[in-house]
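Colleague: I am new to this model and would like to go through it by question and answer. Please show it first.

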Amino acid sequence: MRIRIPYGSSFLPLDAPEGAELLLSGLHRLQPAAAPEELVRRAMETPVAGPKLESLAAGKRSAVILCSDHTRPVPSRLLLPPLLRALRHGNPNLEIQLLVATGCHRPSTREELAQKFGEDILAQERLVQHDCADEARLVTLGTLPSGAPLRINALAAGCDLLLAEGFIEPHFFAGFSGGRKSVLPGVCARETVLGNHCAAFIASPKARAGCLEGNPIHEDMEAAARMAKLAYILNVVLDGEKRVAAAFAGEPLQAHRAGCDFLLPYCRVQPKRAADIVVSSNGGAPLDQNIYQAVKGLSAAAAAAAPGAVLVLCASCADGHGGEHFFTALRDCASPEDLYRRILAVPQGQTRPDQWQVQILVKILREHRVIFVSEPAAAPLLAQMKLEYAQTLEEAMARAYAQKGIGARLCVIPDGVAVAVEPPQEPTREE
């Protein structure tokens, strides 16, 4: 069985033996009911809850659209024009600004913005990138249920109408992306993001892909969206080829939940047995651009693995490590075990940048051997972070079978960020 593993803008071929288990998102088989533009139009014409956007715009002075940054495959070129048209149809005099919800990521470059939004949008609209550390542009709205202060971008807090575009996919600790995440972490202060991503929340068994009920991270994010008065969202679900498969618009919490409910049956997968070797990816570009983002696909692999399994993660990592704190924490630690123990003891108010990504990664490293198949330029970084590098997938698989034996159970998850992995039906290997 030949399987294509997404990698950068292409694929890596894997010849899997008979008996290997393949876990695919159902979205690879989903047939959209109409063209992307028509799906978006229908969603906006029949919002899940609340009024149409034209009605929301009437009588308002200013509006801010929260937009995704370069790390997300949101089809902003498709979503922004109908949003802008609806706003101006409802209120021709409305002052509109686009606020790129970077969270704690670096700003997008001019080239990345042009690729994402198109030259027309950049030339015709007012666009600002959020900076989570710019104290002069942050305001406090109150305290979240977690106890963390809610401090957000002043543009978002000060406008008369706040709305967001985005897309919904499984998220490895928030349950799903989209909706409320445009506010938190999208346009929040660093300290707010840190409080939401604290060690205790990340360690919750409910903080996992596909789970919203009882998920403390999701609940804090929804509270932030309500407090920020997010009034409207337009979110899409993408199929396996990154094409729009469905669209949801309207009142943020209800429209987002409708999108999650639609997606879950397609993305939920469950291996029959825990695997000795698991191969996965971050779905290719743009999400596999750095080591930081690759932890998402790795978490899917870990969910399907038997104790002591070998996890092979295919990600180009052409943009390096993806976070300085993330990099130095792994580089400077005595061992993953020691670092994991120290992170669990960190109080919410002392959460460090990128701590959550480190926490998830070192938990996996405590339990499994991890091999990254990446570009050669990433090899020195991976070595410094105590991560194993293989130049080819064939090399990684040879090492995995050398450790686990020729009869090892193999599970392949071609796109680890497109699935929510349920615990295996048979968690341990029969001897």
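Colleague: Which residues point one way from strand 9, and which point the other way?

Modeller: This is a predicted model, in which local features need pLDDT of at least 70 and side-chain atom pairs count only at pLDDT 80 or more, while totals for chains, interfaces and linings use all residues. Residues are numbered from 1 along each chain as its sequence is written, and side-chain values use heavy atoms, with hydrogens and water left out. In a regular strand the side chains alternate between the two faces of the sheet. From strand 9, one way point Leu 161, Leu 163, Glu 165 and Phe 167, and the other way Leu 162, Ala 164 and Gly 166.

Colleague: How many residues of strand 9 are buried?

Modeller: Strands (E, at least two residues) and helices (H or I, at least four) are DSSP runs, numbered from the N terminus. Buried means under 20% relative accessible area, exposed over 50%, and partly exposed in between, with a 1.4 Å probe and protein chains only. Strand 9 covers residues 161-167 and is mostly covered, the buried count being seven of its seven residues.

Colleague: Which residue in strand 12 is the bridge partner of Glu 165?

Modeller: Two strands pair if DSSP finds at least two bridges between them. Strand 4 (residues 62-67) runs parallel to strand 9, with four bridges, and Ala 63 has Leu 161 as its bridge partner there. Strand 9 also pairs with strand 12 in the parallel sense, over six bridges. In strand 12, Glu 165 is partnered by Leu 234.

Colleague: In the open sheet of six strands, which strands stand at the edges?

Modeller: The strand order is 3-19-15-16-17-18, and the pairing is parallel. Each edge strand has a single partner strand, so one side of each is left without a neighbour in the sheet; these are strand 3 (21-22) and strand 18 (388-390).

Colleague: What angle does the direction of helix 14 make with that of strand 16?

Modeller: Contact means heavy atoms within 4.5 Å. Axes are lines fitted to C-alpha atoms, for helices over the stretch in contact, and angles run from 0 to 180 degrees between N-to-C directions. Helix 14 (residues 355-367) packs on the sheet and touches strand 16 (305-314) and strand 17 (369-373). Its direction makes an angle with that of strand 16 of about 125°.

Colleague: At what angle to strand 16 does helix 16 run?

Modeller: Helix 16 (residues 393-404) lies across strands 15, 16, 17, 18 and 19. Its angle to strand 16 is about 170°.

Colleague: Are helix 13 and helix 14 parallel or oblique to each other?

Modeller: The axes of helix 13 (residues 336-344) and helix 14 come within 9 Å and cross at roughly 135°. Angles under 35 degrees count as roughly parallel, over 145 as roughly antiparallel, 65 to 115 as roughly perpendicular and the rest as oblique. Among the residues that meet are Tyr 340 and Ile 343 in helix 13, with Val 358 and Val 362 in helix 14. Helix 13 and helix 14 are therefore oblique.

Colleague: Is Asn 282 buried or exposed?

Modeller: Asn 282 is in the loop between strand 15 and helix 11 (291-303). Not counting residues up to four places away in sequence, it touches several residues, including Lys 296, Cys 314 and Asp 415. Its relative accessibility is 1%, so Asn 282 counts as buried.

Colleague: How far from the side chain of Asn 282 is the backbone oxygen of Leu 287?

Modeller: A polar contact is a pair of N or O atoms within 3.5 Å; within protein, one must be able to donate a hydrogen and the other to accept it, and residues adjacent in sequence count only if both atoms are side-chain atoms. The side chain of Asn 282 reaches the backbone oxygen of Gln 293 at 2.9 Å. From a polar atom of that side chain, the backbone oxygen of Leu 287 lies 2.7 Å.

Colleague: What is omega of the cis peptide bond that joins Ala 285 and Pro 286?

Modeller: Pro 286 is placed in the loop between strand 15 and helix 11. For the cis bond from Ala 285 to Pro 286, omega is about 5°.
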